[in-house]
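This report covers a sheet, the helix packed on it, and a few ring contacts. The sequence and the structure come first.

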Amino acid sequence: PTSRPREGCSLHSLALGMAAGAVSLFPRCGIRRVLLDLARERVKGNRLASSVASSQRTLLGLGLAELKELSAEFALPQWRGQQIHDAIYGEMRKTTIEGMQQLPLGFRQALVDAGYETGRREPVEIVSDEDGTRKALFLLRCGSIIEAVGIPVERAKGRSANNPDDDLYEDGDELLEEEDETPGRRRRFTVCVSSQVGCAMRCSFCATGRQGFRRNLTSDEIVNQVLSMEDVFGRRATNVVMMGMGEPLLNLREVLRAHRCLNRDVGIGGRYFTISTVGVPNALSKLAAHRLQATLAVSLHAPTQELRERLIPSARAFPLDALLEEVRMFRKATGRRVTFEYTLLAGENDSEDHARALAKLLRSKVGRGCHINLLPWNPVAGANHQRPSKSAVNRFCNVLAAERGVSYSVRATRGLVAQAACGQLTGAFERKSSRSNQ
């Protein structure tokens with residue numbers, strides 16, 4: 001898939017219309033401060049990411065054409081760029097320039113003297129869970145900590161997504177019936193990556209949102225998470241979900257660059273990406289213009305604006321009607337699948353009335369065919385919420401099963417012991433590491 005909109009194309013025009021339509025749905029009062037806060041966080045994140053990018057010259061994230069141009073800049077044949085590409089993204093997976101023995105010593109030294117590095121960083125700590133999930137801790141050049149999660153899955157096909165008694169759903173299960181003939185990619189292995197250090201959205205049930213926002217990640221820092229988790233597991237990633245630390249659409253530029261690299265250079269199919277968002281005003285129109293094949297996952301978590309604001313303070317900047325109108329237009333513009341993430345919180349949003357209201361909301365605002373991904377809340381230290389019982393989850397599912405025009409699935413809880421489950425990624429290990437170094 002291409003990563004740039006064509007000038008003057010009808011899809012780009014439709015995307016601009018999406019932005020205008022969504023803005024018209026905003027109430028005139030009560031959101032200016034939140035919008036300004038989000039704008040400041042976006043500017044701050046881009047500024048810090050640009051500062052990090054300008055202070056280092058990395059090969060990771062560069063495509064084949066860019067690497068050929070780099071070779072030409074050093075007065076060398078362009079096929080040297082192909083060699084660099086193979087060394088970084090191919091089977092060799094070199095982590096240092098010095099290790100690229102197929103390149104002349106003089107070229108390697110010239111790259112180092114010019115300030116280049118591969119951009120590869122190994123995890124400083126890996127935490128394993130009994131279910132096979134592993135969480136990796138990465139120390140960035142700026143001293144911040146991010147986390148990525150590797151989730152191996154071996155399971156039979158043919159499960160019913162609407163039967164809560166079957167094995168539970170995980171991101172990417174909708175593609176199980178589609179055979180991927182890429183060598184080495186038959187067993188599904190999902191990597192959940194972070195897009196920011198911290199998060200500005202402040203979801204009350206999410207550990208990352210509770211730690212605040214620091215900066216955006218650069219594209220090479222996002223790509224490195226996938227390659228490193230492939231090295232940890234000794235297998236190729238089949239799926240990438242941008243559901244780790246941060247709000248991807250507040251770092252859209254670098255997320256798109258990372259997507260392009262992982263798709264074109266690493267070779268992960270475009271349909272095997274999932275990009276999540278809590279909702280950022282006008283961001284979906286920009287994403288739609290790039291015509292990615294990725295699945296969009298919208299973190300909804302409530303069927304009413306009032307409840308959503310209690311759970312997600314930043315939702316004051318993006319009312320439900322406006323968010324769902326952008327989602328509707330996104331689906332119309334791209335034809336791509338959209339799922340709605342819904343974290344079940346005991347006694348707060350998990351009643352049968354909530355389920356009926358959720359189904360009615362999506363049918364009326366987005367249209368039939370909406371898929372709801374239910375996530376029983378994963379405990380987070382200091383959060384004043386409770387995980388729902390299995391019977392409560394089943395009652396919620398039973399109501400959705402009786403509703404027309406919507407489908408649902410219940411996401412399997414993976415990595416709970418290692419604090420690697422959805423909503424549990426945080427700076428806890430950063431604080432632990434800091435104390436141990438004192």
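## A charge over a ring

A charge sits over a ring if NZ of Lys or CZ of Arg is within 6 Å of the ring centre and within 35 degrees of the ring normal. This is a predicted model. In it, Arg134 lies over the face of Phe233. The distance to the ring centre is 4.8 Å.

## The sheet

Ten strands would be listed here in order: β3-β4-β5-β6-β9-β10-β11-β12-β13-β14. The sheet is open, and its pairing is mixed. Strands β3 (125-128) and β14 (406-410) form the edges, each pairing on one side only. From one strand to the next, the twist averages 20 degrees.

Strands β6 (residues 189-192) and β9 (residues 239-242) run parallel and are joined by 3 bridges. Val191 stands opposite Val240 in β9.

Helix α13 (residues 390-402) packs on the sheet. The helix touches β12 (338-344), β13 (370-376) and β14. Its direction makes about 160 degrees with that of β14.

## Aromatic pairs

The structure holds 3 aromatic pairs. One of them joins Phe74 and Phe107: the centres are 5.6 Å apart and the planes stand at 55 degrees, so the pair is tilted. Phe74 sits in the loop between α3 (64-73) and α4 (79-89), Phe107 in helix α5 (residues 105-113). They are 33 residues apart. Phe74 is partly exposed, at 25% relative accessibility. Phe107 is buried, at 3%.

Tyr342 and Phe396 also form a tilted pair, with 5.4 Å centre to centre and 35 degrees between the planes. Tyr342 belongs to strand β12 and Phe396 to helix α13, so the pair ties together parts 54 residues apart in sequence. Both residues, Tyr342 and Phe396, are buried.

Conventions. Residues are numbered from 1 along each chain as its sequence is written. This is a predicted model: local features need pLDDT of at least 70, side-chain atom pairs count only at pLDDT 80 or more; totals for chains, interfaces and linings use all residues. Side-chain values use heavy atoms; hydrogens and water are left out. Two strands pair if DSSP finds at least two bridges between them. Helices (H or I, at least four residues) and strands (E, at least two) are DSSP runs, numbered from the N terminus. Axes are lines fitted to C-alpha atoms, for helices over the stretch in contact, and angles run from 0 to 180 degrees between N-to-C directions. Contact means heavy atoms within 4.5 Å. Rings of Phe, Tyr and Trp (its six-membered ring) pair if their centres lie within 6.5 Å; planes under 30 degrees apart count as stacked, over 60 as edge-to-face and the rest as tilted. Buried means under 20% relative accessible area, exposed over 50%, partly exposed in between (1.4 Å probe, protein chains only).
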